[in-house]
Amino acid sequence: MGRHALFLWIVVAILVVAALSSVLPQYNEFAQSHKLNKNKVMRAIKAKVNSPDGRGMSCFACSMMVDGLQTMIKENKTDDEIAAWLVGLCDFFNVEQPHVCKNIIYAFKDEVVFVLANSAFTPDEICGAFIQNCGHSEPPRTVMWNLTMPGGKPPVKQWEKVQDGKPTLKVLHLSDIHIDHQYQVGTEAYCQLDDFLGTYAMCCRDYTDDVKDSRKKDKPIYVPAGPWGMPYLCDLPYQTFESAIKHINQTVKDLDMIIITGDFEAHDSWDYSEELTIENMNNMTNVFLKYFPGIPVYISIGNHEGVPQDAMAPHTMPEYDKRGPQWLYKIMVDMWSNWISDEKAKADIQYRASYAIYAKPGLKLISINTIYCSEFNFYLYINEVDPDSTLEWLIEELLDSEEKNDRVWIISHIPPGDNYCLKGWSFNFFEIMKRFENIITEQFYGHTHYDQFMVYYDPDQSMRPFSFNWIAPSLTTYAWLHPAYRIYDIDGGYPNATYHVKDAYTYYANVTEANESGKEPQWKMSYDTKAFYQMPDFTPQSWSDLTYRLWNNQTLFNEYIKLFWRNDKRDAECHLDAKCRYSYICNIKKARSYDESFCADLKEQLFIAS
Ligand SMILES: [Zn+2]
């Protein structure tokens, strides 16, 4: 299952390549004299890394590399010396486009060097986290820790039925907008074709200025980037974002609320700066104020808002004053204050980028900073336990709402069942959702960019489904996608409303067609969730029933895959392959990261079938 975290693989690839090269004899000689054919070396390394024993090799190489880095740190080599060495290797081995090589090391070196110097994990453990089958696959991503759940869980209430004929509210759910202000029409959209390691992270940009003269050649453009965006490894041109916003503004007249589940920045993490993020957040705020005056916008922070990407250190970290994300959380306070007036909420945002407010009377909306469970928030490897007491704070908010008999919505970026979320945090979050299942009415997420959902099962009560996640498709085309957004009809706006989703409509635009026609993208309804999947309602039981229908009905499963990718071609044969089907369906049932125990029944059937 794809994770759009390629940038980190670049860092890892650099480490691996660098380490491999250090064990290759005469490396320095061939590096200097170019006696060896570089492409040959590249192919040899790639074959080695991908071969079964190559995993062992990458492991060994990575450990050596981390070990080497830790030694260099101990020997007081300057950051610049280390960085210069890595940049040279990245460039030499064509791990990335020269511009990226030049900047990515500098973007991450401060954080990585600091964490390596302060982390208790060994090189083997760090490498084990990022290279499959590296032997030490347990820590640091799967460290467990336990929060005490408050007792006194009330008897489980029936999921409230939504009655017909009652007032409804309209809510727009946008996620993963990722605007690329440097998107350039006519540049290569398929830049991976030039790339030996398969690590190029982002296309549709012109980086030719950064190519050394010796490497400059007239390259043919295989797939030229069109004006409205490309379903490749490309982010969204600004005009496509504006087209979507204008379309929504013109067609949805009775919008009550907007939810944005994070990620505004492009995927060029090598070029992130605090100044740029501040500027982009201000621009974004102005767009929403301009097109949707008077409509509240509730946002959750995304991993791409971090500088470097995903870097959000909690208060317990050494040198918090210097390295903490205060500057970023301040921007969030400034931006979100346009729609939030509660002083306590503002203080919570400044402290941990999470907040709770009443979106409507009786409806508490809780926005949670899930970057505190991101596997790429390297600062967490110094201490993973409940960063900034976010989960303890969440429990307090939920206890308060339980007393008041509120309905609660959770909005957040990373779905905690995704392996992007560290295991300890994910398991504790799951327990909280279970403890407060009576009052948690809906959960909204993004981050994966795919059109997905997830179901929570209670392992202590014969796998009773008790909650689920809405996961909105991304507005960005990254990666290989068409832009999409979702509109919900909510049962609400009257006393004792359930605040459940009554209907969900997903919209998209085919940018390939827009590019060909030379006209603005046609935003169309892709599907009506209830009608399309023939669901009677959106109870956890109905989502679970759908999950099993997808598992058992290959035709329906194939329809799900098309919507998942917003594309007819991706994994088009998956429905014919039981193992492929399992990977998608287990992903739905996996509400805890690094845990497939909820998929045991599927696995059993898979075993019988094969
Ligand atoms: Zn994203």
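## Helices α17 and α19

In this predicted model, T547, L550 and W551 in helix α17 meet R581, I585, I588 and K589 in helix α19. Sorted by type, the residues of this contact are four nonpolar, one polar and two charged.

Helix α17 covers residues 540–552 and helix α19 covers residues 578–589. Their axes lie 10 Å apart, and the two helices pack at an angle of about 175 degrees. Angles over 145 degrees count as roughly antiparallel, so α17 is roughly antiparallel to α19.

## Helices α9 and α11

A second pair of helices is formed by α9, residues 274–291, and α11, residues 326–336. The axes of α9 and α11 come within 10 Å and cross at roughly 10 degrees. Angles under 35 degrees count as roughly parallel, and α9 and α11 are therefore roughly parallel to each other.

On the α9 side, the contact is made by E274, T277, I278, M281 and T285. On the α11 side, W327, L328, I331 and M335 take part. The contact of α9 with α11 has six nonpolar residues, two polar ones and one charged one.

## The open sheet

How many strands form the open sheet, and in what order? There are six, arranged as β3-β2-β1-β10-β11-β12, and their pairing is mixed. Strands β3 (297–299) and β12 (524–528) stand at the edges. Each of these two has a single partner strand, so one side of each is left without a neighbour in the sheet. From one strand to the next, the twist averages 25 degrees.

Strand β1 spans residues 168–174 and strand β10 spans residues 484–491. The two run antiparallel and are joined by six bridges. L172 in β1 stands opposite I487 in β10.

## The protein overall

The elements described above belong to a protein with 20 helices and twelve strands. The chain of the protein has 610 residues, and buried residues make up 47% of them.

How much of the contact count comes from residues 24 or more positions apart, among contacts with a separation of 6 or more? Such residues account for 73% of those contacts in the protein.

Technical notes: Residues are numbered from 1 along each chain as its sequence is written. This is a predicted model: local features need pLDDT of at least 70, side-chain atom pairs count only at pLDDT 80 or more; totals for chains, interfaces and linings use all residues. Two strands pair if DSSP finds at least two bridges between them. Helices (H or I, at least four residues) and strands (E, at least two) are DSSP runs, numbered from the N terminus. Axes are lines fitted to C-alpha atoms, for helices over the stretch in contact, and angles run from 0 to 180 degrees between N-to-C directions. Angles under 35 degrees count as roughly parallel, over 145 as roughly antiparallel, 65 to 115 as roughly perpendicular and the rest as oblique. Two residues are in contact if their C-beta atoms, placed from the backbone, lie within 7 Å. Ala, Val, Leu, Ile, Met, Phe, Trp, Tyr, Cys and Pro count as nonpolar, Asp, Glu, Lys and Arg as charged, and the others, Gly among them, as polar. A residue is buried if 20 or more other C-beta atoms lie within 10 Å of its own, exposed if 12 or fewer, and partly exposed in between; C-beta atoms are placed from the backbone.
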